Amino acid sequence: MLRIHTSQDREAFAELFNHFGPRVKAFLMKSGSSMTMAEECTQDVMVTLWRKAHMFDPARASVSTWIFTIARNRRIDLLRKERRPEPDELTWGPEAEPEQTDVIALQQESAQLTKALADLPEKQRILIQQAYYGDLTHSEIAEQTGLPLGTIKSRIRLALERLRHAMK
């Protein structure tokens, strides 16, 4: 490990790989991993060993303990990844253009609604605008206008009924 850390010695790495590779794979398979998962995980462990040789501390653990700890952690990571549900297909990029008939229908409905709102009595139209465009609650409208809450609710209910009939 020291030669790998200090001089990136490929021969030392090859020795470690030849010695620990089969042992790590066997350890993973005994732990319940499939052969494919064990091989993939062993490759990951050996790449980690090469890249992070500088992190090995002989005062804390032996080389084999360090390698098998990496192997155990990598196996846990792979198992978690397998058990994690795949998200629903995410669509990226611009949305498809709506059908021309849908666009025309929406424009016609919007024009119809605008006319229906304009035809409402002013007292009802103002309350609808405050409730739906101003995003105010009935209580907030009552506070602003000074009208009783029951009056606000009645006028909005009547206005919605008229709009419903006008939109048919």
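This talk covers helices, salt bridges and packing in one predicted model.

Ground rules first. The model is predicted, so local features need pLDDT of at least 70 and side-chain atom pairs count only at pLDDT 80 or more, while totals for chains, interfaces and linings use all residues. Residues are numbered from 1 along each chain as its sequence is written, and side-chain values use heavy atoms, with hydrogens and water left out.

Start with helix α6, residues 122-133. Helices here are DSSP runs of H or I, at least four residues, numbered from the N terminus. α6 has 12 residues and reaches 15 Å from its first C-alpha to its last. That is close to the 16 Å expected at 1.5 Å a residue; the expected span is 1.5 Å times one less than the number of residues.

Which residues of α6 are buried? Q124, L127, I128, Q130 and A131. Buried means under 20% relative accessible area, exposed over 50%, and partly exposed in between, with a 1.4 Å probe and protein chains only. Seen down the axis, the buried residues of α6 fall within an arc of 165°, so they line one face of the helix. The arc is taken over the directions from the helix axis to the C-beta atoms. The face turned away from the buried side carries the exposed residues E122 and Y133.

What do the buried residues of α6 pack against? The partners are α5 (100-119), α7 (138-145) and α8 (149-166). Contact means heavy atoms within 4.5 Å.

Zoom in on Q130. It is buried, with a relative accessible area of 18%. Leaving aside residues up to four places away in sequence, Q130 touches D135, L136, I141, Q144 and T145.

Now α8. It has 18 residues and reaches 26 Å from first C-alpha to last, close to the 26 Å expected. Its buried residues are I152, I156, A159 and L163. They cover an arc of only 65° around the axis, which puts them on the same side of α8. These buried residues pack against α5, α6 and α7.

Next, salt bridges. The structure holds 5. The criterion is a side-chain nitrogen of Lys or Arg within 4 Å of a carboxyl oxygen of Asp or Glu.

Take K25 and E39. Their closest N and O atoms are 3.0 Å apart. K25 lies in helix α2 (residues 10-30) and E39 in helix α3 (residues 35-51), so the pair ties together parts that are 14 residues apart in sequence. K25 is partly exposed at 23% relative accessible area. E39 is partly exposed too, at 36%.

R3 pairs with D9 at 3.0 Å between the closest N and O atoms. R3, D9 and E15 are linked in a network of salt bridges. R3 is partly exposed, at 41%.

Last, back to α2 and α3. How do their axes cross? They come within 9 Å and cross at roughly 145°. Axes are lines fitted to C-alpha atoms, for helices over the stretch in contact, and angles run from 0 to 180 degrees between N-to-C directions. The contacts include F13, F17 and K25 on the α2 side, and E39, M46 and W50 on the α3 side.

Technical notes
Helices (H or I, at least four residues) and strands (E, at least two) are DSSP runs, numbered from the N terminus.
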